[in-house]
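I opened the model to look up a few things about packing and charged side chains. My entries follow in the order in which I looked.

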Amino acid sequence: MIVAEGATSDAVKEIMPSNISQLLEHAKFSWNTYGDANTTEGGAWVGITAGKSSIGYGIVDSSLSISDAEGEEEDHGEIGYIPNYSQRLLAAGKAGVNTSRMVVVSPWQTLLDVSFKFADKKIYANDDEAVKDSAIKTINESSNLTHMVIDLNSANIAGRQHGFSSSNIQYKDAINKVDGYIGEIVSALKARPTYDIEDWLIIITTTHGVKPDNITYGGATIAERKIFTIYHNENINKQEIVSPELTNALSLNGKADSISMPASMATAYDIPAEGGYTIMFKIRSITKSGSNTALLSKATHGYQNPYGWAFIMVGSNKTYRFGIGDRSSTNGNTFKYYIGGTDTEVSADLNVWDAIAFRVYDSASTRYAEMYTNGKRSPAQNIGNMASAAPASNLVIGTIATSLGSGAHAIISNLSIWNTALTTDEIVNANCSMSISATHPKYGNLIGYWPLDEGEGSVLKNYAPGATGKDFSFTDFGKRVWNLVDQACAISENTFQTSSTDIVPTIFYWLNASVADSWALEGKAWLKDYETEFVK
């Protein structure tokens, strides 16, 4: 495995250096792989070497130490290192024995000491040329070499000094020089006397992308997480793995996890006594609750004859519905009206986006409310002159504490609120959209728009025109989990998402080593789906 630190996916694709280009002729590769949400060098290397994201270990910098250790599946209590695949290979007998050896070469001593603590041989080299020379020497002299990691960091150094742009001559030259080293290393590998009876998989990747300023990385934005991966073997057919369009999305889990906008800031989002009103958003269920769960609301209570409105996942039949109330319910401790429940089924598969809309409109002097799920409309219901304005209540993303049950685990994205009733066509046309353009015919009626795709920080910004000061903010951002997920309608038959966490299970697959369920690896060895090409 060769890690070209700081060689961003966009730059490498644009430059297309000669040796990498040749390797692509017999490779599965992706220019839209995504690395760890912590795109510092430390976070990136955790994703590459542990097969899991760094957030589970509390990694915050390049010390590669555990800042909030919770132990590991071996139940040995607090540990001083992150379990990684050098340790796993040793346990599997694929390293540390006479017939199988793992060698790591790097200019970063901490990486050698911590992430590759269990490698058979760790070689410190001062710079990329020395790394290359040491790697070639090892390839030439080690007849029992099974696995090698080669860390080249000169592209990262050049990018930090001059910017990570292919148009920058110093950065471009650095990438081409790294590509030259890769070519020399691959040539040495193919010159091994035993090469014809060996079966090498060459993996090439990088550590991070960069923000549009071509300078900044270290955060969790999509641009910073975008990397490339190349899996080369002489028997693999050339194929680019096309990734779906992705978005950052905020995961909310159960009663204890919600974000609120104070009632004093949120009065515009009550259902008015007259005139149209529309709410639209996307929801992605991670788990389903056995009881009713309010996941988005502006209500005084989760179910006890409340004022306000709430979007609810119904536990008994796994449907969606909206409840609206003005404390005049005659049905006991419930909302006065429930809209939906019929023709609003939650997607049968988890981790699938559902497009939700709720609208209030007037027709023939009568006021109606109805709900849409993926364009499917529930029966309209006469709600009379009901409004939800008093008393004041917070606007809440996530579960209301007074909801029944423990709450479902879900992701909500692309929330918009309008002071008009959008048409059926306008609602259906938005099903696959993850943005709202200023050219939208009702843009002037948009009073709240939160994409919920920040990926970092403690503010969920409201992008609606005239909505200054109506952002969501929170102080417990340390516990927030940002998920990099496909956008609505982005998945097709020939697309799937690749990740840096795929590297470890792929290495184990190639070396025919077992992966224990207790390791809870997040990536997939998807290369095995193509093994008819290279298993002879």
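Is helix H11 (residues 503-510) mostly covered or mostly uncovered? I found seven of its eight residues buried, where buried means under 20% relative accessible area, exposed over 50% and partly exposed in between, with a 1.4 Å probe and protein chains only. Helices here are DSSP runs of H or I with at least four residues and strands are runs of E with at least two, numbered from the N terminus.

I noted the basis before going on: this is a predicted model, in which local features need pLDDT of at least 70 and side-chain atom pairs count only at pLDDT 80 or more, while totals for chains, interfaces and linings use all residues. Residues are numbered from 1 along each chain as its sequence is written, and side-chain values use heavy atoms, with hydrogens and water left out.

**H11.** The buried residues of H11 include Ile 503, Phe 508 and Trp 510, and I see the buried residues packing against H3, helix H4 (85-91) and strands S5 (145-152), S6 (202-205) and S7 (226-232). Just after H11, Asn 512 takes a positive phi of about 55 degrees.

**Asp 36.** I located Asp 36 in the loop between strand S2 (27-34) and helix H3 (41-50). Asp 36 is buried yet has no salt bridge, and the nearest side chain of opposite charge, Arg 225, is 6.5 Å away; a salt bridge needs a side-chain nitrogen of Lys or Arg within 4 Å of a carboxyl oxygen of Asp or Glu. A polar atom of the Asp 36 side chain lies 2.8 Å from the backbone nitrogen of Asn 38, and the backbone nitrogen of Ser 54 lies 2.7 Å from a polar atom of that side chain.

**Salt bridges.** I read a total of 15 salt bridges in the structure. In one of them Glu 184 meets Lys 132 at 3.2 Å, N to O; Glu 184 lies in helix H8 (residues 169-190) and Lys 132 in helix H6 (residues 128-141), so the pair ties together parts that are 52 residues apart in sequence. I also looked up Asp 486 and Arg 284, whose closest N and O atoms are 3.0 Å apart in a salt bridge. Asp 486 belongs to strand S25 (residues 481-486) and Arg 284 to strand S11 (residues 277-285), so this pair ties together parts 202 residues apart in sequence. Asp 486 is buried, with a relative accessible area of 14%, and Arg 284 is buried, with 6%.

Technical notes
Lys, Arg positive; Asp, Glu negative; His and termini not counted. Polar contact = N/O pair within 3.5 Å; in protein donor to acceptor, adjacent residues only side chain to side chain. Contact = heavy atoms within 4.5 Å.
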